[in-house]
2 protein chains.
Amino acid sequence: MDKPETALLALRMRDWVAQAGAHIRHHIHDPLQIQTKSSRTDLVTNLDKQTERNLIAAIRSEYPDAQIMGEEGSGDHVTDLRGLVFFVDPIDGTMNFVKQKYNFAIMIGAYVDGTPQVGVILNVMRQELYWGGPQLGVYKNETPITHGSELTLADGLFGINSAMLAYDRYHSHQLFKTCAGMRIIGSAGIEYIQLLEGRQIAYMSHLAPWDVAAGRVMAETLGMSVTRLDGHPLDMLSSGDVLIATAPTADAIRAIALG
Amino acid sequence: MDKPETALLALRMRDWVAQAGAHIRHHIHDPLQIQTKSSRTDLVTNLDKQTERNLIAAIRSEYPDAQIMGEEGSGDHVTDLRGLVFFVDPIDGTMNFVKQKYNFAIMIGAYVDGTPQVGVILNVMRQELYWGGPQLGVYKNETPITHGSELTLADGLFGINSAMLAYDRYHSHQLFKTCAGMRIIGSAGIEYIQLLEGRQIAYMSHLAPWDVAAGRVMAETLGMSVTRLDGHPLDMLSSGDVLIATAPTADAIRAIALG
């Protein structure tokens, strides 16, 4: 995809996400229909599903040949990464959406033949839109972001999944003792924003492709490392344990996590 | 202290905190002088110290006979709770202030003979001021807050200190399995705001009097429980492990934590 096409794609993705965010904010106090998915704490609401349907309809109208992987299942059953593939997370951090009415995100990532092109993350309640890609750079609304944090592991805050911290997975207790502090937010999208803003140096969690896709485009554009926690390259077709870390910290974190 | 005196006290406390917040926002990108206190991750900056000195000067000019306990040591050496006592936390969440430039608070609590009168917490970067007390009610800026969350422990988000979660203190792993999810923010003031907003049902941490004082006034006014984690009443002269919880969850949490 050449640069004008990529810029047009980014513009459209920003529009779709901004409209979806406005819709959610408009309905933020409506009664919700809440269902559980894989577990008691894995929630989906009617607004997640409706938002996904709206986003997928918008994508299909402009890119009818693209494959779409959506969190709530109204996209395609994607089994390969050929061509243009969209990863759609209509509400990332549904528990926060339901309980807090804030700290949740809308995310779309666009890849061509498995290569990251454009990522868009909207902090819905704060109306802060992060977007970009390797050909475009990374922006918060209209302001460029030029690099992630330059802190070392010892000086940086570390975002983590609560089960990993509780049960000492990947030597997280040793990471906790080494870093400046651990934080748990409950939304991969908001965690990515912390990384893009330089407020944290890493995020470690169990993530699905739609959790990881949009932020990966921007994090890698800023020179960060996005890998499976076992050190292997990310697989964009399956869920797994993922480490996103700034360039100065990624090796040090993996050395502890895999040590 | 009668109601007009209490209302005047609240008005003054709001002014002091608002002015301190404006000062910090004005200097948010200045170079900081950062020192450690009890540990590598217990930070204090020149701006913490200056803000405390300014707040204490403002308090002394209006209430010269009051005792003042300040986090950074420029107050009095308070050994009893007789008379009017102010608890001052100039920057709560100094690590977040240093690393994130957000998610930190300014807090002042005012007690008379050990009885809570007025609490004020400012989310500095969002300019959201929470204030109130038993005679006044609780407000976010000018909007009344009438009650905390009515969720059960199973349905609510739980704020916790990272070491407690990592090392299973107070059966936190069992609490984790029971609640809807755990969050780690890194500022007692912002945690209190989550409780006052109904976004969380509990917060468990090791806290000093200046961490707990302001929020306690408002949390108790809304019917929440603020106790030592061992179930004993809070001691406002020393640090300790503290549980703040909504009325529908406090007993259930203590039953697990002390079980």
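**Notes on the helix pair and the interface**

1. Please keep in mind that the model is predicted.

2. The two elements are helix H6 of chain A, residues 188-196, and helix H7 of chain A, residues 209-221. Their axes lie 9 Å apart and the packing angle is about 10°. Angles under 35 degrees count as roughly parallel, and H6(A) is therefore roughly parallel to H7(A).

3. Chain B has a corresponding entry. Helix H6 (residues 188-196) and helix H7 (residues 209-221) of chain B pack at about 10°, and 9 Å separates their axes. H6(B) and H7(B) are thus roughly parallel to each other.

4. On the H6(B) side of this contact are Ala188(B), Tyr192(B) and Leu196(B). They meet Asp211(B), Val212(B), Gly215(B), Arg216(B), Met218(B) and Ala219(B) in H7(B). The residues where H6(B) meets H7(B) comprise six nonpolar, one polar and two charged.

5. How are chain A and chain B related? A rotation of 180°, with a shift of 0.0 Å along its axis, superposes chain A on chain B, and the RMSD is 0.0 Å. The two copies are therefore related as by a two-fold rotation axis.

6. Which surface do the copies use to meet? Of the interface residues of chain A, 100% are also interface residues in chain B, so the copies meet through the same surface. In residue counts, 32 residues of chain A are in contact with 32 residues of chain B.

7. The size of an interface is often given as the accessible area lost when the parts come together. Between chain A and chain B, the buried area is about 2,900 Å². Carbon and sulfur atoms give 50% of that area.

8. How many salt bridges are counted between chain A and chain B? The count is zero. A salt bridge here requires a side-chain nitrogen of Lys or Arg within 4 Å of a carboxyl oxygen of Asp or Glu.

Notes
Residues are numbered from 1 along each chain as its sequence is written. Chains are lettered from A and ligands numbered from 1 in the order in which they are written. This is a predicted model: local features need pLDDT of at least 70, side-chain atom pairs count only at pLDDT 80 or more; totals for chains, interfaces and linings use all residues. Side-chain values use heavy atoms; hydrogens and water are left out. Axes are lines fitted to C-alpha atoms, for helices over the stretch in contact, and angles run from 0 to 180 degrees between N-to-C directions. Helices (H or I, at least four residues) and strands (E, at least two) are DSSP runs, numbered from the N terminus. Angles under 35 degrees count as roughly parallel, over 145 as roughly antiparallel, 65 to 115 as roughly perpendicular and the rest as oblique. Contact means heavy atoms within 4.5 Å. Ala, Val, Leu, Ile, Met, Phe, Trp, Tyr, Cys and Pro count as nonpolar, Asp, Glu, Lys and Arg as charged, and the others, Gly among them, as polar. Copies are superposed by least squares on the C-alpha atoms of residues with pLDDT of at least 70 in both. Buried area is the accessible area (1.4 Å probe) that two parts lose on being put together, summed over both.
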